[in-house]
Amino acid sequence: MKVTVVGAGNVGATVANVVALKKFAREVVLIDIKEGVSEGKAMDMMQCSHALNFDTTVKGVTNDYSATANSDVVVVTSGLPRKPGMTREELVGVNAKIVKSVVEQALKHSPNAIFIIISNPMDAMTYLALKSTGLPRNRVIGMGGMLDSSRFRYYLSEALNAAGHPATPSDVDGMVIGGHNDKTMVPLVSIATLRGIPVTQLLSKEVLADVVQKTKVGGATLTGLLGTSAWYAPGASAATLVEAIALDSKKVIPCCVYLEGEYGEKELCVGVPIVLGKDGFEKVVDVKLEGEEKAKFDESVEAARAVNAQLGDALK
Ligand SMILES: NC(=O)C1=CN([C@@H]2O[C@H](COP(=O)(O)OP(=O)(O)OC[C@H]3O[C@@H](n4cnc5c(N)ncnc54)[C@H](O)[C@@H]3O)[C@@H](O)[C@H]2O)C=CC1
Ligand SMILES: O=C([O-])CC(=O)C(=O)O
């Protein structure tokens, strides 16, 4: 498999590095507009290959899309990250121009690629990538739910440990759907478990509400600490999506996809669980949402539509 990662900043470089470490790809091409940065990061990664025992070739280029030709997957991380105090949605104007242009250029050289969109505001950028390329919906997938679910599991494990139930994040099963934003993402408490035991039996309502709130602002919390947004978990999450495609693993992962009636919605991209395999997303998995979780999902959909409305000319 050949993977292109557009944007060699914090997230893009991490995606390339984790993909190489996971050993499923033949080649990773890292591309950026900053002269020499992709080349330097790719060379640095290649100098890990002996120590870490991988055979993937990582190549860096400046703005040369011919090097990305015939990629199977293109991961789009190019664009501005937010700074402390900002929302992701504030990036819509500047990142829409970048995402539209890089997706068009990448597609010219890799007409069969599956696109994974990371740049924020990710739900709107996924919608834009889909609409501006006219690609079938299975080939345009936004990454947010995988990351938000990892944060949900992390915060659940912290709360479980504090309540006397030893747990690592990987002992916990939990999923976040809806839009990738601070206010309306939907951590599904009702189906979260610790090794099969519903967390609702182990944690109080107050503690669970606190976990949900921490999960929702997980990205903002890290941005406050780091001065820019996070990259280790975002990079690892994106690499996990690429791996599911490379291995045709049919894993069920919450991702941002274009809905055509699933969850009662259409004409937008938002996070729902999907089956991921070699052709991109194969189907949307229906989770029966009830009560408050259904109301929160509906709110999230409305919030995603409001950001799409700001795409304006970019959609033409
Ligand atoms: N969906 C998600 O879960 C997450 C999304 N993000 C988003 O990912 C994006 C990247 O974040 P970071 O890597 O931290 O930012 P960064 O600033 O470290 O890297 C962005 C890179 O994009 C490059 N770039 C800008 N315009 C370009 C173009 N036209 N073509 C190629 N490269 C271009 C820049 O030169 C820079 O190297 C941001 O929009 C951020 O908000 C970040 C974390 C998680
Ligand atoms: O918080 C941000 O701006 C970056 C991001 O999407 C995340 O880390 O979840």
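Begin by selecting Arg82, Arg88, Asn120 and Arg151, the residues at which UniProt, in an unreviewed entry, places the feature "binding site". Arg82, Arg88, Asn120 and Arg151 are included in the lining of the largest pocket. Keep in mind throughout that the model on screen is a predicted one.

Next, display ligand 2, whose space is the largest pocket. Its surroundings consist of Arg82, Arg88, Asn120, Leu147, Arg151, His180, Gly219, Thr223 and Ser229, and by class this shell has one nonpolar, five polar and three charged residues. Zoom in on the side chains and look for the polar contacts: a polar side-chain atom of Arg82 lies 2.6 Å from an oxygen atom of ligand 2, a side-chain N or O atom of Arg88 is 2.8 Å from an oxygen atom of the ligand, and a polar side-chain atom of His180 lies 2.6 Å from an oxygen atom of ligand 2. Taken alone, ligand 2 exposes 260 Å², of which the protein buries 95%. If you now colour by secondary structure, the elements that give two or more residues to the shell around ligand 2 are α6 (145-162) and α8 (218-226).

Then select residues 147-302, which UniProt lists, again in an unreviewed entry, as "domain: Lactate/malate dehydrogenase C-terminal". This span is 41% helix and 24% strand, and its end C-alpha atoms lie 21 Å apart.

Return to Asn120, which you will find in the loop between β5 (114-117) and α5 (122-133).

With ligand 1 selected, show its surroundings, which comprise 27 residues, the closest being Asn10, Val11, Asp32, Leu80 and Met143. By class, this shell has 14 nonpolar, eleven polar and two charged residues. Two further side chains deserve a distance label: an N or O atom in the side chain of Asp32 is 2.6 Å from an oxygen atom of ligand 1, while a polar side-chain atom of Asn95 lies 3.3 Å from an oxygen atom of ligand 1.

Note on methods
Residues numbered from 1 in each chain as written. Chains lettered and ligands numbered in written order. Predicted model: local features only at pLDDT ≥ 70, side-chain atom pairs only at ≥ 80, totals over all residues. Heavy atoms only, no water. UniProt positions renumbered as here; feature names shortened; annotations may be inferred. Helix = DSSP H or I, 4+ residues; strand = E, 2+ residues; numbered from the N terminus. Near = heavy atom within 4 Å. Polar contact = N/O pair within 3.5 Å; in protein donor to acceptor, adjacent residues only side chain to side chain. Nonpolar A, V, L, I, M, F, W, Y, C, P; charged D, E, K, R; others polar. 1 Å grid on protein atoms, 1.4 Å probe; cavity = no way out; pocket = protein on both sides within 12 Å on 5 of 7 lines; lining within 4 Å. Areas by Shrake-Rupley, 256 points an atom, 1.4 Å probe, with all protein chains shown as cover. Sits in = over half its atoms within 2 Å of the grid points.
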